[in-house]
Amino acid sequence: MSEGRIDLVFPSDDEPLVVQDRPAAPAPPPLDAILSGKELTAVRALGAVDLDGLLRIAPRRYVVPGPLARIADISAGEEISAVVTVRDVRDRPMRARRGSLLLVTVEDSSGPLTLTFFLARGHLVEYHRRFLRPGVRILVSGTAGEHRGEPQIVHPDYVVLDDGPTIDEAMRPVPVYPLRGKTTQKTMRAAFATALEHADVLTPVVPETVLRSQGLPPLAEALRLLHAPREEADAQRGLAHLRFEEAFVLQAIFAQRRAADDLTPAPALTAAGPLQIRLRERLPFTLTAGQEQVTEQIAERIARDRPTSVLLQGDVGSGKTVLALLAMLRAVDSGHQAALLAPTEVLAEQHHRTITELLGELGRAGRLDGVPEATSVRLLTGSQRTADRRRTLLDVVSGEAGLVIGTHALLTEGVEFSSLGLVVIDEQHRFGVDHRRALRRRGADGSSPHVIVMTATPIPRSAALAIVGDLDVLTLTEMPARRAGTESFLVPECLPAWEDRMWRRVAEEVRAGRQAFVVCPRIIDGEAADGAGQGAGGAGGEGAGGQTEGADPPRGVEQTLERLAADPRLAGLRLGMLHGRMSTEDKQEAMRAMSAGELDVLVATTVIEVGVDVPNASAMVICDAERFGISQLHQLRGRVGRGEHPGIVFLATTAPPESEAAEHLRAIAATRDGFELARLDLERRGVGDLVGTRQSGLHATLRHLDVLADTDVVDAARQQAARVVEHDPDLDAHPGLARAVADRLRDADPDVERT
């Protein structure tokens, strides 16, 4: 058995597991042993390094000959094919331009047809004359037309039938492959045809029993259907195999991670009070039915003695923070600690203020104004004073701090927890996988804390199963009734009347007793996206593109503040500024003044993108809106309309009104649904590296699977992969799958945390 391959076969859930011993297949030949030099150069330009990778490159499309017809029966405009004999070939120079006109008269039993070629170079004439000789029988295909009342086809496709393919073979779909450089389709087709001869020696990735359960052809047959189909439906069957294979490999990786989690202990957070009960009594609102349901689902999952990983997703303002706080208090009630990791100091400080205010006396342990069961809430950031940091670290390691809120500073070596039971990660897309993995290793005595990952950029279910297949996805779909909501408008600044009305509308909101934000993509006018000033406070997020050729330079906070201060439309308004290059004290003071109503307008970078809560803010202007990503714009506009007053957001752009960028912004302005925007964002940017560290670029990770459209495929792959990994966690009996998993993780740490 050591020389063969062992497959674990389980025809159905009720049948026993069968072990099959199969002889080992010969190793696939290297490409340079089977392809010519020209062919090898062509396929390597597509990124193929071996036979396995080459044959999984699908054709871009297929040329499908039109239906066979007699010449006498064809009509202008029809796509047709005809079996004809060449009668005459002649050429002459074109009158109006350089090159030659090649006229080939062909015929069948019903009449003649002219094939017309406009050829710019002489060698092309010789090329066609070599094949199209009088008396030669060909299959010709193309769009029928007329010239002076006679039928013709301009630039037809043709196949010489004499001593060549049969008519049936010539009528098959012809693959059209992607090309690089000066490679021709003829060279590429020859390379794939040669490679296809060796398809039988490839090791399948998906077990045969799984393929049969899905009605999919075996690998070698699927590749033949894909590259040499007899009809269009064959190509779709072949592609279906590769689509399922991609989903299956991803889900196998996620299943292995879930299996590894099942072997790791975690603290069971089972206590239902007293802090959770007391917090509910203090809340100035009642949780919605949807929030209650998700709260119960989280409680059930973190009560397990194995680490739970939950993705808590909900639109901006759906109440994720309160639900996360209840889960954190469950950890404290159970005798453990909880940590909340935020991407910026501004957001960490905002969370600290919000949680401290919500807890009141419940967060004042050891103080006269605290209750006996109270805990302590501590903040840890990189710019804290040394004395404050030492005090916080001591409280964390001693266990006195039940709740710890911080930035990346929580991940440093000097931070030790007494008994970390739960980690909440806010805006997970802002952290690298190494950051998340570091916190998961902070559990006591070899245990791993439970993890709740929050995001306000919702993911459609099918995409979520593929992107975070090892996370338990919980979704908040309701919006609290106390939110007034927001409307968005596109403002092309090339229309002076629109731009003027925008600023006057902002002034009206402020003079009605409310506040406004103005968001800029840079700190200083024209500054590059990767300048030193970006950091935590810069705008260099997902959509903050660099300066494009011919476009106006991106606007900065500092100069925008100066321009607004001198603008008579905003005369008398109190203006402030916030960006990541300011000192911690200045940032805190700016946010305090805004929250206290001491500022009317805050000009800021995307440092305010998440977590900032100013209920009195009702207006926002986003300058150079075309430089931001979809989810970033949605996050930003979620900063207004959070109280009793409806919000109004202006997407100001220098892009021409009819440009693609303006149309894109117009679609965002018209859509309030975060899930619909997420779908638009995924279609536009892709879903990122599904198991590695990259955060964007669908085509860099998936060639065939569409996670938005292939919901059924992802679901089926998830179920089947779970069964395979359950019976064979290390995939010892499935070398093809094991290799595919290893290849998928080649550029990532095998312990890579959930993305």
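Modeller: The discussion below goes from the whole protein to a sheet, a helix pair and some loops.

Modeller: This is a predicted model, in which local features need pLDDT of at least 70 and side-chain atom pairs count only at pLDDT 80 or more, while totals for chains, interfaces and linings use all residues. Residues are numbered from 1 along each chain as its sequence is written, and side-chain values use heavy atoms, with hydrogens and water left out.

Biologist: How many helices and strands are there in the protein?

Modeller: Helices (H or I, at least four residues) and strands (E, at least two) are DSSP runs, numbered from the N terminus. The protein has 24 helices and 23 strands.

Biologist: What percentage of the residues is buried?

Modeller: Buried means under 20% relative accessible area, exposed over 50%, and partly exposed in between, with a 1.4 Å probe and protein chains only. Of the 755 residues, 54% are buried.

Biologist: What is the strand order of the open sheet of six strands?

Modeller: Strands of a sheet pair through backbone hydrogen bonds, either parallel or antiparallel. Two strands count as paired if DSSP finds at least two bridges between them. Here the order is E18-E23-E22-E19-E21-E20, with parallel pairing. Strand E18 (486-492) and strand E20 (575-578) stand at the edges with a single partner strand each, so one side of each has no neighbour in the sheet. Direction ignored, neighbouring strands of this sheet are turned by 20° against each other on average.

Biologist: Which strands pair with strand E23 (residues 647-653)?

Modeller: E18 pairs with E23 in the parallel sense over seven bridges. In that pair, leucine 490 stands opposite leucine 651, and valine 491 stands opposite alanine 652. Strand E22 (residues 617-622) also pairs with E23 in the parallel sense, over four bridges, and valine 621 stands opposite phenylalanine 650. Between E22 and E23 the chain passes through helix H20 (residues 630-637), and this β-α-β crossover is right-handed. Right-handed means that, with the strands pointing away from the viewer, the path from the first strand over the helix to the second runs clockwise.

Biologist: Are the residues of E23 buried or exposed?

Modeller: Seven of the seven residues of E23 are buried. Gly647, Val649, Leu651 and Thr653 point one way, and Ile648, Phe650 and Ala652 the other way.

Biologist: Which helix lies across E18 and E23?

Modeller: Helix H21 (residues 660-669) does, running at about 165° to E18. Such angles run from 0 to 180 degrees between N-to-C directions, and axes are lines fitted to C-alpha atoms, for helices over the stretch in contact. Contact means heavy atoms within 4.5 Å.

Biologist: At what angle do helix H8 (residues 219-227) and helix H9 (residues 232-262) cross?

Modeller: Their axes come within 7 Å and cross at roughly 130°. Residues in the contact include Leu219 and Leu223 of H8 and Leu239 and Leu242 of H9.

Biologist: Where is histidine 155 found?

Modeller: Histidine 155 is in the loop between strand E8 (150-154) and strand E9 (157-160). Although not a glycine, histidine 155 has a positive phi of about 50°, and it is partly exposed, with a relative accessible area of 41%.

Biologist: Is leucine 731 buried or exposed?

Modeller: Leucine 731 is buried, at 3% relative accessibility. Its phi is also positive, about 60°.
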